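Have a look at it first, then read on.

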Amino acid sequence: MMNLEDLVNKKREDADIVHPSPHLWNRIESQLPADSTKPKLNWPPLAVAASLLLCIGIGYFWGKNSASGTQSYADIKALDPQYARQMAMYNGVIQEKRKTLASLKAYQPTLYVTFEQDWRVLEKSYQELRDTLPNHPNQEELLKAMIDNLRWQSDLLEQQVRILENLKSPPNTDELA
Amino acid sequence: MNWLNNLGLVIFLGFPAIVLAHDPLFSEKQKNITLHYELPKGHVVSVENQFGDIKVVYWNKEVAQVHARITASGVTDEKANALLQHVQIQHQKLDNQIQFKTRFTKTPTPPEKGFRSSLRVDYILQIPRDAELELINSFGDIYMPDHAGKLTIRQKYGKLYANHLSGSETDVQVSFGQVLIKSMQGGHMKAAYSQVVLDEVTRSELTNSFGDLHVKIARDVRGVVSYSSGLIDQIKEASAWQVNYAPKFRINQVDKRTKEIKIQSAYSPVEIPNGHYDFEVRLQNGQFSYQGAEQVILERQPKTQPNQPIRVYMGKVGSDLKGDTKIYIMSKHGQVKIQP
């Protein structure tokens, strides 16, 4: 008597022997509609132009942000690696806080513009120091001033973020007493 | 073997000291320059310096004189001497001004690694007491004695120490530094990114943007504080303050004779003292608190109009119900608190 396993194996072998007819595909193909070829991309020119513009825009902002976010400190590292490390650290913090600030822009766009002007002033002072640095006889004093400037920038951004976050979720305006 | 351990310790500790003691990589050279001009009445003495201090002293001659001491440090005598050549003291007499200016030229090659070079120029300026004066300095300090005449100071990356500045034409601007003034009786002081301590200010305009402002006694002061904390120990005459984005603004005491204090604040907590005065607090998206404050009588409060855009609290503080003082506060997005 054939057990269950043998029965299954026999049926499977039978199935392997049965092959589809070689004309089967031709029959199926003849029944398909004539225009069922690969779909064509048919974008209007404006959409293509918009896509290109979007790609260029993303590339521009990515490049711009990455350029400001990863400043090179090779010259400062050559003078003193510790100052270069501090600057890179502060720059990382500043970039992070600017991103946080930008993410809160929608809540107070006018205030954001004022805030941006305030930290741009500091950034300008930093750049002036940076431009004075090469070949200056008092480089250490300039570097200390640059570090102080970055600390001010970081503190300023922190304060601005705190203000915008408070505005986003304001405290209860009831009288406390 | 104990002596061997001791010897090892002596070598371990002593070697760096020996190396440092014999480090030949430092030389300091100095050059002194003295310049003077006769100072006719009405002429302004102008000194512009960098990387060094300016000290002003008075004498009884109608002459303006500077002693400039240039100090150069380098790894060798040669290099220190070469650095001295990178400083010029320019000076000239114009129609109504006598000028002394420090000019640095950049070194042609990068300075030594490890900051083993420096260049410093310190001035002692001697002038008659009533001279009109303009001081511009960066990366150094200014030491200013009592002064009653016209005074202009522009200070960056350094400290300003001043005694009593009593002229009505005092114009001080400081950034990235510190300011310590004993008294100011007129004029303007504008500071940014600085710690400012003023012992006494009268009839003056003050601005501090980012940093700290501490005024011990204020009389008739118009102040603007942005991003900066503000601490006023005592107000003795009417004052007006504009406070923006400040982490804290606090008045500790108000003299009974003070007529009026006006504070306009935005995004800043404001604290006023517990004393004897009338108050009017107008809030736009803010809070008013007098928890723990004694003898506060509210004459008007907006309980019945909670949804008003501007809520007004009026009342009195203290037992002196006939006091002359009134404090007005207009606060936008901030807390106003009467101290306990």
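How many residues does helix 6 of chain A have, and what does it reach from its first C-alpha to its last?

## Ground rules

This is a predicted model, where local features need pLDDT of at least 70 and side-chain atom pairs count only at pLDDT 80 or more, while totals for chains, interfaces and linings use all residues. Residues are numbered from 1 along each chain as its sequence is written, chains are lettered from A and ligands numbered from 1 in the order in which they are written, and side-chain values use heavy atoms, leaving out hydrogens and water.

## Helix 6 of chain A

Back to that question: helix 6 of chain A has 24 residues and reaches 35 Å, close to the 34 Å expected at 1.5 Å a residue (the expected span is 1.5 Å times one less than the number of residues). Helices here are DSSP runs of H or I with at least four residues, strands are E runs of at least two, and both are numbered from the N terminus.

The buried residues of this helix include Leu111(A), Phe115(A), Trp119(A) and Arg130(A); buried means under 20% relative accessible area, exposed over 50%, and partly exposed in between, with a 1.4 Å probe and protein chains only. Their cover includes helix 4, helix 5 and helix 7 of chain A, together with strand 13 of chain B.

The axes of helix 6 (residues 109–132) and helix 7 (residues 139–168) of chain A come within 9 Å and cross at roughly 170°. Those axes are lines fitted to C-alpha atoms over the stretch in contact, with angles running from 0 to 180 degrees between N-to-C directions. The two helices are therefore roughly antiparallel to each other (an angle over 145 degrees). The residues of their contact divide into 16 nonpolar, five polar and three charged.

Chain B has two helices and 23 strands, and 49% of its 340 residues count as buried.

## Phe104(B)

Phe104(B) is found in strand 6 of chain B and counts as buried because its relative accessibility is 15%. Leaving aside neighbours within four places in sequence, its contacts (heavy atoms within 4.5 Å) include His136(A), Pro137(A) and Asn138(A), as well as Phe51(B) and Val121(B).

Definitions and conventions:
Parallel < 35°, antiparallel > 145°, perpendicular 65-115°, else oblique. Nonpolar A, V, L, I, M, F, W, Y, C, P; charged D, E, K, R; others polar.
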